[in-house]
Amino acid sequence: MATSGCMGVADLLRRAVAARASRALVAFATSRRLLRTSPPSRAFAKELFLGKIEKKEVFPFPEVSQDELNEINQFVGPVEKFFTEEVDSERIDREGKIPKETLEKLKSLGLFGLQVPEEYGGLGLSNTMYARLGEIVGLDASIAVTLAAHQAIGLKGIILAGNKEQKAKYLPKLASGEHIAAFCLTEPSSGSDVASIKSRATLSEDKKHYILNGSKVWITNGGLANIFTVFAKTQVVDSDSSVKDKITAFIVERDFGGVTNGKPEDKLGIRGSNTCEVHFENTKVPIENVLGEVGGGFKVAMNILNNGRFSMGSTVAGMLKKLIEMTAAYACSRKQFNKNLSEFGLIQEKFALMAQKAYVMESMAYLTAGMLDQPGFPDCSIEAAMVKVFSSEGAWQCVSEALQILGGSGYVKDYPYERFLRDSRILLIFEGTNEILRMYIALTGLQHAGRILTARINELKRGNVTTILETVGQRLRDSLGRTVDLGLTGKLGAVHPSVADSASKLEENVYYFGRTVETLLLRFGKTIVEEQMVLKRVANILINLYGMTAVLSRASRSIRVGIRNHDHEVLLANIFCAEAYYQNLFTLSQLDKYSPENLDEQIKKVSQQVLEKQAYVCAHPLDRTS
Amino acid sequence: MSWAQAILLARGLSRGWGGICGAVLTGAPFSQVPLQAPRGLHCSAAAHNSDSWLVPPWPEPRKGPTKALTLHEELFQQTLEGARDKANFVRAVQNFGQHNVHKRGHVDFIYLALRKMREYGVERDLAVYNLLLDIFPKEVFRPRSIFQSMFIHYPRQQECGIAVLEQMESHGVMPNKETEFLLIQIFGRKSYPMLKYVRMKLWFSRFKNINPFPVPRDLPQDPVDLAKLGLRHMEPNLSATVTIYQMPSSRDSTGTADPTEPHIVGIQTPDQQAALAHHNPARPIFVEGPFSLWLRDKCVYYHILRADLLPPEEREVEEIPEEWNLHYPMQLDLEYGRSGWDDYEFDIHKVEEGPVFAICMAGAHDQATLAKWIQGLQETNPALAQIPVVFRLAGSTGELLASSSGLEEPPPPEGQEEEEDSQQRQQQGQS
């Protein structure tokens, strides 16, 4: 743990003084991390691609110390009270903005500087604590998004890549909420395609300023923010003295001049958050405000985005828990045919699903947060991306099921449920769409596996007899049914015997996943980048595997420590593992060559024909030829 | 015995008989065989004559029946004063029924009517065909025994019935229930017209939508609209934009376009625009043409703007920039590629061609007109100003003459040929 408890400071905002030194180190080292190229420690998810479980990364489930827990609970209390009693989500949604007094209260609670180090006036929370607070903030999606845009991406660049002067200058005001930050990357012509960024910063003649020009779209907090992290192209002289356009990150204050923003977009959900266009016209940015290196903006952006994702898991889980309470109350009170709704099997099923999803995403989120908080700054970007994909899809699915339980009342504006649905739709889209993140998950892992397997695959391709015989023998043994033992179960196993069955399911999945990855690399090599449907399946399996690991680890800990209702956790863990196991088996079989379950070729043909006509192709069912 | 078997047997038998009778009735076109001839001989002669007897002799059997036809010609002459339209055609057919209570010479009349149909513009009218079939006396030609149906019963009438169906087929008219009902009434279920009907029912529906690039049945008359249609037909990309660079100067009363301002219509896709923008200005691009494109029975001509294929040493290898995609790697840093087992690319020798940047259809094919097109293109493709354009217009005469002479041959379709011809004369004059 990066923090160690030290209590007794009354003031909420200055309470977490304790691990100041260690956290300052965190901040320092994080900024240094940008310069490093290879990941420092073996990440769990990447090893899964090789069919291995890196046990010590995920077992036992990360814990926080009692002091820390008390500390966070003290902090959580008032925030929770504020959110349940004072925040009027209905009004925020209706008016399309967060009222001033609500914003002021949020600032005074210190929610604008959760992860800003204490020496700059923030709370310096660890990732775990940040996730915990996210659960409460998630009760109102508009506020959650506003806060996330401010600190998860808006000012994150300064924490990660800023130098001492920049931090000292900007972070205190940002942490107090006096200034709000925004992250300006997307442009009309450029989403994740950074090469097509049109904004440009040119060095002025006295070489003291950059002149920034360009337009950015979909900027959350664009209308509120005073500090912008802006990405623009600059001319950089390369090592071989050729001039190239490269992305550079800048800290831009609204007061620099030439910064204007459009009117707030009228959105489907998260209506209270402020999203608008931001234009920069001949904005003079002093060279001290270059974030990171000149031309190093790409890495800055990547780091900010990769770091900001894990918290969605706990935010969504917080929202879901609330939703379960509300719908359960409804289901237990509404009578049909002299029975409560809760007595019908099809309704019960939905509650089990919601509980299971909430449990899994919570486990994944806190496992990831715990991994991120470990010393050595492991690269957990794949894990974070998996949390984001799983939780956003889970949110959409659960809210939809909840509306199903609620029937008509879920569909009208008199109740808050339809707002939940609208708000949760954005989760699948922003912070990298789920499709893009699946590509990231699969490709990053495959790159890792591909490098390690290079020698072996080359030997296979060259026709090395021993390697081929070895592989054939291995496949033969696999097909004859072997029991996989990766050391999770057994006497000194990492998991508790109550979930041992699920653990061996996970082991089996992991082993065969490793085999499949090897086969895929052998089949497609580097051209696998073009096989998006294959990559999607790889990512889906990996997300399931990570979810299984997280719940197994958490349930095992709960049993061993004797957490309240741990038997319920065991049930949820076993349900999820069994479902995920069969899903994985199916997906793995789809990844086989000539698999009858795999309909990709047909699917591609259909979409090709539809896209060629840009319309639905089939004739009307009532059409006749005669 | 099934019907099919009966037919096979009948044909086999008739062929055998044909050997015998052939000597007697050699070479006589079957439509001229007198009706009085014994029925057995009659049908064998027909079968012997050619195996393709199912195909009616249309438009061949002119010579024989012409004498008889003059008899009915006046029915149509009467209507000549009026407009040649459906109403008058129907009146003529009805007149025949009224004047000929016994329906004498109805086969000849039907053949005549079939030929007149196009004149009256009713060749695609199902109701008119049914009306023609209705002329046949009912029940008379139905075979009453298995032997009658084996040896073609009333062949001349059956052939005539088939001729009606055949003309329907060539104009793409689908018979309906009424047709079936009439045929059953006239010839019975086991007759050749019925067989033809069943086959039409089967294959018409299957072939109706077989063309993946359908051309509308009635082509637009306006040359600009026709050009738009032709361009859209050639360019499958729906995001392509059609631009009218020049409208034809208003047509005068005679209906001929002013040759000095012919229409110019072009099409270009965004991809083509991008390719043109990236074209190396040092390399010339070419306007080539005219090339012909047939839309149903009309031939239109188009020109293309293209460049030569770049020599391999000048081609830019598309490089994946290192910092391109913020979210996931666009390429993997691995040494090995796709294995042979998953490489489904066939080893095809591909002939690479230079890029085509735009297509146009113009009313005239001379350099002045096409230069106007290039000028118009410059508005959306500023790069074109720097690139030298070479006009490589084919000695269009030869090609055009050949195609225009080919035009004369087939029966003139829907009276378009005058316009076509004048257009071509224009072309020849200019080239």
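Start with four rings in chain B. Phe136(B), Phe141(B), Tyr154(B) and Phe187(B) form one aromatic cluster. Keep in mind that this is a predicted model. Over all chains, the count comes to 19 aromatic pairs. Here is one of them, in chain A. Tyr415(A) and Tyr417(A) have ring centres 6.1 Å apart, and their planes meet at 20°. Planes under 30 degrees apart count as stacked, so this pair is stacked.

How exposed or buried are those two tyrosines? Tyr415(A) has 41% relative accessibility, so it counts as partly exposed. Tyr417(A) has 9%, so it counts as buried. The cut-off for buried is under 20%.

Look at Lys107(A). Its charged end sits over the ring of Phe112(A), 5.9 Å from the ring centre. Next, Arg419(A). This arginine lies over the face of Phe420(A), with 5.8 Å to the ring centre.

Now the sheet in chain B. Chain B has 15 helices and six strands. Which order do the strands take in the sheet? Read across, the order is S1-S2-S5-S4-S3-S6. The sheet is open, and its pairing is mixed. Strands S1 (241-246) and S6 (389-393) of chain B stand at the edges. Each has a single partner strand, so one side of each is left without a neighbour in the sheet. On average, neighbouring strands of this sheet are turned by 30° against each other, direction ignored.

A quick reminder on sheets. Strands pair through backbone hydrogen bonds, and they can be parallel or antiparallel.

S4 of chain B covers residues 298-307, and S5 of chain B covers residues 356-362. The two run antiparallel, joined by four bridges. In S5(B), Ala358(B) stands opposite Leu305(B).

What lies across the sheet strands? Helix H13 of chain B, residues 367-380, lies across S1, S2, S3, S4, S5 and S6 of chain B. Its direction is about 140° to S6(B).

Next, some backbone details. Most residues other than glycine have a negative phi, and most peptide bonds are trans. Now for some exceptions. The bond from Phe59(A) to Pro60(A) is cis, with omega near -10°. Pro60(A) lies in the loop between helix H3 (55-58) and helix H4 (66-85) of chain A. In chain B, Gly289(B) and Pro290(B) are joined by a cis peptide bond, with omega about -5°. Where is Pro290(B) found? Pro290(B) is in strand S3 of chain B.

Then positive phi. Asn282(A) is not a glycine, yet its phi is positive, about 50°. Asn282(A) is found in strand S7 of chain A, residues 275-286. Gln614(A) also has a positive phi, near 50°. Gln614(A) lies in the segment after helix H21 (600-613) of chain A. Its relative accessible area is 52%, so Gln614(A) is exposed.

Last stop: chain B as a whole, then one residue in it. Chain B has 431 residues, and 42% of them count as buried. Now take its contacts between residues at least 6 apart in sequence. Of these, 72% join residues at least 24 apart.

Is Val173(B) buried or exposed? Its relative accessibility is 6%, so Val173(B) counts as buried. What does Val173(B) touch, leaving aside neighbours within four places in sequence? Its contacts are Glu123(B), Arg124(B), Leu126(B), Tyr129(B), Met168(B), Met200(B) and Phe204(B). One distance to finish. Val173(B) and Ser205(B) are 32 residues apart along the chain, and their C-alpha atoms are separated by 11 Å.

Key. Residues are numbered from 1 along each chain as its sequence is written. Chains are lettered from A and ligands numbered from 1 in the order in which they are written. This is a predicted model: local features need pLDDT of at least 70, side-chain atom pairs count only at pLDDT 80 or more; totals for chains, interfaces and linings use all residues. Side-chain values use heavy atoms; hydrogens and water are left out. Rings of Phe, Tyr and Trp (its six-membered ring) pair if their centres lie within 6.5 Å; planes under 30 degrees apart count as stacked, over 60 as edge-to-face and the rest as tilted. Buried means under 20% relative accessible area, exposed over 50%, partly exposed in between (1.4 Å probe, protein chains only). A charge sits over a ring if NZ of Lys or CZ of Arg is within 6 Å of the ring centre and within 35 degrees of the ring normal. Two strands pair if DSSP finds at least two bridges between them. Axes are lines fitted to C-alpha atoms, for helices over the stretch in contact, and angles run from 0 to 180 degrees between N-to-C directions. Contact means heavy atoms within 4.5 Å.
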